[in-house]
Amino acid sequence: MAISLLNKENTGLIIVDAQEKLMQVMGQKERVTDRILKLLDLARVFHLPVILTEQYSKYLGPTLPAIQESLPVYEPIEKLHFNCCDVDAFNDSLETRELQNIILTGVETHICVFQTCVALLERGYRVHIPHHAVDSRTEDNWQIGLSLMQKAGATITSTETIIFQILKKAGTTEFKALLQTIK
């Protein structure tokens, strides 16, 4: 699948399992949290749909408070499957939106993010992975996850690249609203 530019009309943000106990063992917790928060700012300014999942929250805890506070509404989709697309509530949430492009973030890169990415690609979505908005416990597994997703057809990108694709131009109200985010 060819690389395509993102636009606000048919793009959504998925945050996979950015939970307290899971994030504690990630190699780059602060970096990933920062990038997810920047993407949530983008989603807020452009009213992009946001889908949040939590893996076995009874054991791994809730989503990080900083992320919860930045969400339009905190309604996590509880799951036990690693592939979000194996969860009915996730599919229902995804199908109610008219999305073509998915910005996929969260943890772990080589497990839940990878499996979800491949399933989304198989369904015809264009998946964009901001490489610093995903993580694994080890750098090797982070790199492997990114490589596998790229080979599957995902666009490996950066948070800033995504933000500027959606913005399209400087000087707009949205650009001014995101100035602090992109500095």
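The exercises below concern a predicted model.

**Exercise 1.** Classify the relative orientation of helices α2 and α8 from the crossing of their axes.

*Solution.* Two packed helices are described by the angle between their axes and the distance between the axes.
1. Helix α2 covers residues 29–46 and helix α8 covers residues 159–167; their axes come within 10 Å and cross at roughly 10°.
2. Angles under 35 degrees count as roughly parallel, and therefore α2 is roughly parallel to α8.
3. On the α2 side, the contact is made by R35, K38, L39, L42 and F46, and on the α8 side by T159, I162, I163, I166 and L167.
4. By class, the residues of this contact comprise 7 nonpolar, 1 polar and 2 charged.

**Exercise 2.** List the buried residues of α8.

*Solution.* Buried means under 20% relative accessible area. In α8 the buried residues are T159, I162, I163, Q165, I166 and L167.

**Exercise 3.** Describe the largest pocket by volume, lining and composition.

*Solution.* 
1. The volume of the largest pocket is about 280 Å³.
2. Its lining consists of 17 residues, and V50, I51, P72, V73 and R97 lie nearest its centre.
3. Two or more lining residues are given by each of the elements α2 and β2 (50–55).
4. The lining divides into 11 nonpolar, 3 polar and 3 charged residues.

Definitions and conventions
Residues numbered from 1 in each chain as written. Predicted model: local features only at pLDDT ≥ 70, side-chain atom pairs only at ≥ 80, totals over all residues. Heavy atoms only, no water. Axes fitted to C-alpha atoms, helices over the stretch in contact; angles between N-to-C directions. Helix = DSSP H or I, 4+ residues; strand = E, 2+ residues; numbered from the N terminus. Parallel < 35°, antiparallel > 145°, perpendicular 65-115°, else oblique. Contact = heavy atoms within 4.5 Å. Nonpolar A, V, L, I, M, F, W, Y, C, P; charged D, E, K, R; others polar. 1 Å grid on protein atoms, 1.4 Å probe; cavity = no way out; pocket = protein on both sides within 12 Å on 5 of 7 lines; lining within 4 Å. Points joined across faces, edges and corners; volume = space filled by probe spheres on them. Buried < 20%, exposed > 50% of the residue type's maximum accessible area, 1.4 Å probe, protein only.
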